[in-house]
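Here's a quick briefing to read alongside the model. Have the sequence and the 3D view open as you go.

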Amino acid sequence: MTETELKERLTEVLTHYTGQKNELIPVLQAAQEQFGYLPAEVMQEIARFLRISESTVYGVSTFYAQFKFQPTGKKKVRLCRGTACHVRGVSRILDEVEKQLGIKPGETTSDLEYSLETIACFGSCALAPVMVVGNNVYGRMTPKKVAPILDGTEQ
Ligand code: FES
């Protein structure tokens, strides 16, 4: 994305706000929804728009785990690290995903296709071990099921 595109997209986001300081969190959330993460230029523009210091914007955004500062992949692969999934061998699934994608949790593939994360109990313990790709939940995972799911050829 060029700098001009980025500015245009951010301007569009900011039109929904009035520039009050107390809009910082909703503005950050809307910007992240737009870009998938918070690029440095976006945070600088947000500071200007809300007439607060850049350090305040950085301070607040780094306080909340929901905000990301690196681009994330188009598809998010999440593996449950809850007790049921742990007991049923989710670590073998994680190893396979790491091998297939060549990344560790918290990282994104260089083509920006996939990000890998671990999550707390997903609430589907009966299906443990659980893997979530985008909005799709895959239960009773085995290492063998990983590659077909990631390349979209699962049955
Ligand atoms: S422990 Fe994994 S879904 Fe509950």
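What follows covers the domains, an aromatic cluster, one glutamine and a helix pair.

Bear in mind throughout that this is a predicted model. The protein splits into domain 1 (3-63) and domain 2 (75-150). Three aromatic residues, F63, Y64 and F67, come together as one cluster, and helices α6 and α7 pack against each other with a right-handed crossing.

**Domains**

- Domain 1 takes in residues 3-63, while domain 2 runs over 75-150.

**The aromatic cluster**

- You'll find two aromatic pairs in the structure.
- One of them is F63 with Y64, an edge-to-face pair with 5.1 Å centre to centre and 85° between the planes.
- The other joins Y64 and F67: the ring centres sit 6.3 Å apart and the planes are at 90°, so this pair is edge-to-face because its angle is over 60 degrees.
- Put together, F63, Y64 and F67 make one aromatic cluster.
- How buried or exposed is each member? F63 is exposed, at a relative accessible area of 65%.
- Y64 is partly exposed, with 34% relative accessible area.
- F67 counts as buried, because its relative accessibility is 5% and the cut-off for buried is under 20%.

- Q32 belongs to helix α2, which spans residues 24-35.
- With a relative accessible area of 15%, Q32 is buried, since that value falls under 20%.
- Which residues does Q32 touch, leaving aside neighbours within four places in sequence? The list is Y37, L38, Q66, F67 and K68.
- F67 links this part of the picture to the previous one: F67 is in contact with Q32 and is also a member of the aromatic cluster.

**Helices α6 and α7**

- Two packed helices are described by the angle between their axes and the distance between the axes.
- For α6 (residues 90-101) and α7 (residues 143-150), those values are an angle of about 40° and axes 9 Å apart.
- As for handedness, α6 and α7 cross in a right-handed way.
- On the α6 side, the residues that meet α7 are R92, I93, E96, V97, Q100 and L101.
- On the α7 side, P143, V146, A147 and L150 meet α6.

Conventions. Residues numbered from 1 in each chain as written. Predicted model: local features only at pLDDT ≥ 70, side-chain atom pairs only at ≥ 80, totals over all residues. Heavy atoms only, no water. Phe/Tyr/Trp six-rings, centres within 6.5 Å; stacked < 30°, edge-to-face > 60°. Buried < 20%, exposed > 50% of the residue type's maximum accessible area, 1.4 Å probe, protein only. Domains from an automatic or database assignment. Helix = DSSP H or I, 4+ residues; strand = E, 2+ residues; numbered from the N terminus. Contact = heavy atoms within 4.5 Å. Axes fitted to C-alpha atoms, helices over the stretch in contact; angles between N-to-C directions. Left-handed = near helix turned anticlockwise from the far one by under 90°.
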